[in-house]
Amino acid sequence: MQLTRLSLSNFRNFARLDVQVPSGATLLVGANAQGKTSLLEAVYFLATLSSFHADNDRQLVNFLEARNPTAVARIVASYQRGERNHQMEVRIIQEQTKVGQRARKEVLIDGGKLKIGEAVGHFNAVLFLPQMLQIIDGAPRHRRRYLDLALSQVAPHYAEQLSEYESILSQRNALLKQISEGGGDRNQLDFWDERLSLRGAQVLAARFLALKELDALAGRIHHELTRGAEVLRLSYEPTYDPLPGNGSQRTLMEAPPDRSGVSVEKLQAGFRAALEAKRGEEIGRGVTSIGPHRDELRFLGNSLDLGSYGSRGQVRTTLLTLKLAEMEWMQARSGRWPVLLLDEVLAELDEARRFDLLGRLSRDRQVLLTTTDVDLFTPEFLGGAQQWRIEGGQLKS
């Protein structure tokens, strides 16, 4: 994957930007709040059509443009995918409705309009933001969202399956609440259980395989980054487990149970049976209590749950490990290296880990990095990197 040109219009603090993007490493230099992170966010939005940094899409529209009744932010990119060149245009359209402002997205690839689920993953990118430390030490929803965004880029139809699962879940929860309040037909749950168990099984199968692959890659990379001081394991903990009894019988240092060999058909049958067994309890609570939407992912370093007990340095190194593993995983899945986007990645690393990381980034792959301090980078790295200075939402020569 090679990004060759990027144009922004009314995106965050960029009123206008149009730039050729070089191969290899590009260093975005400037003070805080000048637009460096926003540029990375725009590139990542091309891959996922979702922002890890914003609460909603309206926040992505430039604040001056957003004053208009109808405001449009645009990201236009030219890129090479395999042997072919493509152009993607993403429009974020803010409109005034009867109930207030809303934002919708339109996506065009090579001039043709696509549905969001069809466009996700046509361009591939991996993003590191300091705010993403919540993937390791935040609420479980951050870890689920991380995994879903990564899978949506490389697993065919995953985005659509997940979206359908969430829609069915919402309707099932509405029925459970109605029944718990004395209305509704309990027998209607059979219909929703059938649909939920199918989409849920598809989501689980994709997650189980992804975690197996990511665990192997992350373990090797983390061993290198910590120079053998830590063993990292990724442990997926499903609320419906097709292999019951595994979690309580093993130590944290052992390899996590391999659920990737369970077929979608067996997952669906087991998940549906689990939903039926929980039916009375869920009617009482008015909510679906098991399924991919309630699952957990844990990061274990030397038998320690890093989300609960890891130091800030351990958490940051683990996130960096995860992002480097994600990059290799995407290449293995798709045959293409994603564009790597790193925001202030060196700020809290010691000298040895900075040296190791920069050595990894010196390979022939495209990476965009931000920094407020070029002195953090080795002369060898700076000699092979392009530098862009970002000031007030503008690229300065």
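Strand S5 (residues 84-97) and strand S6 (residues 100-109) form an antiparallel pair joined over ten bridges. Within this predicted model, the two strands belong to an open sheet of six strands, ordered S2-S1-S4-S5-S6-S7. The protein chain has an average pLDDT of 90, and 97% of the residues score at least 70.

**Sheet**

- Pairing in the six-stranded sheet is antiparallel.
- Strand S2 (14-20) and strand S7 (112-114) are the edge strands, each of them pairing on one side only.
- Direction ignored, neighbouring strands of this sheet are turned by 20° against each other on average.
- Helix H1 (residues 36-48) packs on the sheet, where it touches strand S1 (2-11), S2, strand S4 (71-81), S5 and S6.
- The direction of H1 makes about 110° with that of S1.
- Arg91 has Glu106, in S6, as its bridge partner.

**Largest pocket**

- The largest pocket holds about 580 Å³ of space.
- Its lining comprises 24 residues, of which Arg145, Asp148, Leu149, Leu162 and Glu166 are the closest to the centre.
- Two or more lining residues come from each of helix H2 (116-119), helix H4 (140-154), helix H5 (158-180) and helix H6 (189-225).
- H5 contributes the most to this lining, with seven residues.

**Confidence**

- Where pLDDT is low, the predicted coordinates should not be read in detail.

Terms used
Residues numbered from 1 in each chain as written. Predicted model: local features only at pLDDT ≥ 70, side-chain atom pairs only at ≥ 80, totals over all residues. Heavy atoms only, no water. pLDDT = per-residue confidence, 0-100. 1 Å grid on protein atoms, 1.4 Å probe; cavity = no way out; pocket = protein on both sides within 12 Å on 5 of 7 lines; lining within 4 Å. Points joined across faces, edges and corners; volume = space filled by probe spheres on them. Helix = DSSP H or I, 4+ residues; strand = E, 2+ residues; numbered from the N terminus. Pairing = 2+ DSSP bridges. Axes fitted to C-alpha atoms, helices over the stretch in contact; angles between N-to-C directions. Contact = heavy atoms within 4.5 Å.
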